[in-house]
Amino acid sequence: MPIITYREALNQALREEMARDDRVYLMGEEVGVYNGAYKVSKGLMEEFGENRVVDSPIAELGFAGVGVGSALAGLRPVIEFMTWNFALLAIDQVVNSAAKMLYMSGGQFNVPIVFRGPNGAALQLGAQHSQAFESWLAHIPGIKVVSPGTPYDAKGLLKSAIRDDNPVVFLEGEMLYNTKGEVPEEEYLIPLGKAQLKREGSDCSIITSGKMVLVAMQVADLLAKEDIHIDVLDLLTLRPMDVGAITASVRKTNRAVVLEEGWEVCGIGSQVVDYIQRDCFDDLDAPVIRVHQADVPMPYAKALEKSAKPDVAKTIAAVKQVMYR
Amino acid sequence: MATKIFMEALSPTMEEGRLVKWNTSEGSVVKSGDVLAEVETDKAVMELVARGNGVLRKQLVAEGTTAPVGTLVGVIAAADEDISALIGGAAAAPAVVAAPAPVAAAAATVAAPAVTVGVGSTKSSPLARRLAKDSGLDLGAIEGSGPGGRIIKRDIEAAVAGGGSTASSTVNRPPSTVSDYTDQPLTQIRKTIAKRLGESIGPIPTFYLTAEFDMTRAAEMRASAAALGDEFKISFNDILLKATATALAAHPEINAHWLGDKIRFFNRVHLGMAVATDDGLIVPVLFDADQKGLREISRESKELAKRARERKLKPEEYTGSTFSVSNLGMMQIDQFTAIINPPECGILAIGALEDKPVVIDGELVIRKRLRVTMSCDHRVIDGAIGARFLQDLRRMIENPLMLVF
């Protein structure tokens, strides 16, 4: 099976879906002539032309609104935000237009649109450009939120997101674009709303998503050497969340650590813990522990940034705490 | 040039192997292809052969020990070669990742005050409470090993494995001169059966054996005993309890606990009897039931059932059973399957006694018949083993005179 980067996997998904359905088009800053700020759209303008790969002005609210309007008119736009930090300027179109239209039109107008781009921190980009917004977005009824951590998942989920008839928020990662993994040549789709057990273990569940999946897999490898066996559950879709997969894992292990990239307060992990306490109360042998970013704006200083981020060592400490070790 | 000897994958599904026997002693000269040791895989006993020439300098795994595939089990080298680095590598503990102190401390401060418990109550995890309830254990009698004395899963498992409370018992449990049980480490085939069948029906892979017994002679015995006076009155249930206990004494392979990494075969028969109460099911125990006469079993089972319904049983009176019996015959249930009370490996479900037409010696006659169904934990009991037990039980029940001897 070919081994390709996360970036290439997204590029393949876009190319295949644009070739399959001529209503699909890509719009955003630098997506065309420059091939995308992170080269996700490399070669697409050349292949599909300027009508289907549209370079926008630096005006997030404007081009997000054009996207929603064109979706209402019958197209299937993919709107790229250079990062989700910049998408804050366009949040009204995401939350108030895309997410609400089907409901407020009494089911008459659906909005088949994908908003995508990198989410969360990279390295030393400062507090305003190092934010993970998945819990903000997953808070909103009317949009689906997807957060893949591997090239395989990124491709299969982006294709499903583009084919979905309603708005999907697709969260990528700057630090993920260069990561590699196996992606088959033949076509496949990964359904939205389904979690995946990335690794089976009997001692403790780590429930996570996005780039933290890579952290969880390293933790599982290291702890296996100490005879601690981790169930790694990758949520893949944060809304709607696969509650059944969460409870099945926790019922098996009786212990859980919830690992997320963003902040603690009202984070995605809070929702996971709520499902666990509701459905698995009598299965728990220890309180559930969360691992997350420190509750501060992301520091710029290298050492401080490192200590603010969730990582392998913090996750191992959390697992040992719930294991009473 | 030293050659490392590893535990090799000797079958496609082998994940670990038990080193049954070293065929070559330390210091012996070996050449490539020589059989060094016998290894029991999940399927069979296989030969582990030398992959180099030299002297077997070191055996790193003792006979009888199980090691995962890839484990360094020995070293072949020249007689004077320094192999300390190789052996040192095998002995070193697996890499331990340093836990960052600030985070662990921060997390701990979150967790510690979260548990607030009233004075005099026992801290326990929800799972521990559920497991204790399922096992009929009193949490007050268990010491917790979690933070602040919290009772957690492993404490319940330890209590169940240890036969529950150590509090002084008012139940008649005479000391025994022989060991109460024999622990047998799991063989590879037993492990494979447990793992595979557990994946199929989990967590206890149960199968059921049903047999119909002829109770005519038991009825005759009961009637003639009752004619001797009130003190000789016994119930069919008493006869069934006595017969089950006697058969268990002859079948320790049924009278066993599944303990995850081993099977505990009991040399004493402590028979649990399921009693329905207003609060739910409880299983008081007839200790050393095989040693007791029918009259004693009758008296004790009545007493235990009465106190169970009055909720007056002490924890030590409903823990420590080695096998259980559940009887719904008095409620006109023809036959049923009972659920195994872990870590026990079997339970006998007794149905209603009824007059039935049956063919005996070519003649249609009316006999008293009764159906029993034994639920068996397949990790411990195979079909034929369970069937042999029921054969013996049938022999005793259909010839109740055997119970007097």
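This is a predicted model: local features need pLDDT of at least 70, side-chain atom pairs count only at pLDDT 80 or more; totals for chains, interfaces and linings use all residues.
1. End of helix 12, chain A. A:Tyr324 is not a glycine, yet its phi is positive at about 55 degrees. This tyrosine sits in the segment after helix 12 (312-322) of chain A. A:Tyr324 counts as partly exposed because it has 16 C-beta neighbours inside 10 Å, and a residue needs 20 or more to be called buried.

2. Helix 12 itself. The helix is mostly covered, with nine of its 11 residues buried. The buried residues are A:Lys314, A:Thr315, A:Ile316, A:Ala317, A:Ala318, A:Val319, A:Lys320, A:Gln321 and A:Val322. Two lysines, A:Lys314 and A:Lys320, are among them.

3. Helix 9, chain A. Here the buried residues of the helix (residues 243-253) are A:Ile246, A:Ser249, A:Val250 and A:Thr253. They line one face of the helix, because seen down its axis they fall within an arc of 95 degrees. The cover over these residues includes four strands of chain A, namely strand 9 (196-199), strand 10 (204-208), strand 11 (230-234) and strand 13 (256-263), together with helix 10 (268-279).

4. The two ends of helix 9. After the helix comes A:Asn254, with a positive phi near 65 degrees.

5. A cis bond in chain B. The bond from B:Pro342 to B:Pro343 is also a cis peptide, with omega near 5 degrees. B:Pro343 belongs to the loop that runs between strand 17 (323-327) and strand 18 (346-360) of chain B.

6. Positive phi in chain B. B:Asp288, which is not a glycine, has a positive phi of about 50 degrees. Its place is the loop between strand 16 (285-286) and helix 8 (294-309) of chain B. With 18 other C-beta atoms within 10 Å, B:Asp288 is partly exposed.

7. Packing of helices 1 and 7, chain A. The axes of helix 1 (residues 6-20) and helix 7 (residues 151-163) of chain A come within 8 Å and cross at roughly 25 degrees. Helix 1 is therefore roughly parallel to helix 7, since angles under 35 degrees count as such. The crossing is right-handed. From helix 1 the contact draws on A:Tyr6, A:Ala9, A:Leu10, A:Gln12, A:Ala13, A:Glu16 and A:Glu17, which meet A:Pro151, A:Ala154, A:Lys155, A:Leu158, A:Lys159 and A:Ile162 of helix 7. By type, these residues divide into eight nonpolar, one polar and four charged.

8. B:Val380. This valine lies in the loop between strand 19 (363-377) and helix 9 (383-398) of chain B. B:Val380 is buried, with 26 other C-beta atoms within 10 Å. Leaving aside residues up to four places away in sequence, B:Val380 touches B:Ala256, B:Trp258, B:Ile263 and B:Cys345. One of these, B:Ala256, is 124 residues from B:Val380 in sequence, while the C-alpha atoms of the two are 8.0 Å apart in space.

Key: Residues are numbered from 1 along each chain as its sequence is written. Chains are lettered from A and ligands numbered from 1 in the order in which they are written. A residue is buried if 20 or more other C-beta atoms lie within 10 Å of its own, exposed if 12 or fewer, and partly exposed in between; C-beta atoms are placed from the backbone. The arc is that of the directions from the helix axis to the C-beta atoms. Two residues are in contact if their C-beta atoms, placed from the backbone, lie within 7 Å. Axes are lines fitted to C-alpha atoms, for helices over the stretch in contact, and angles run from 0 to 180 degrees between N-to-C directions. Angles under 35 degrees count as roughly parallel, over 145 as roughly antiparallel, 65 to 115 as roughly perpendicular and the rest as oblique. A crossing is left-handed if the near helix is turned anticlockwise from the far one by less than a right angle, and right-handed if clockwise. Ala, Val, Leu, Ile, Met, Phe, Trp, Tyr, Cys and Pro count as nonpolar, Asp, Glu, Lys and Arg as charged, and the others, Gly among them, as polar.
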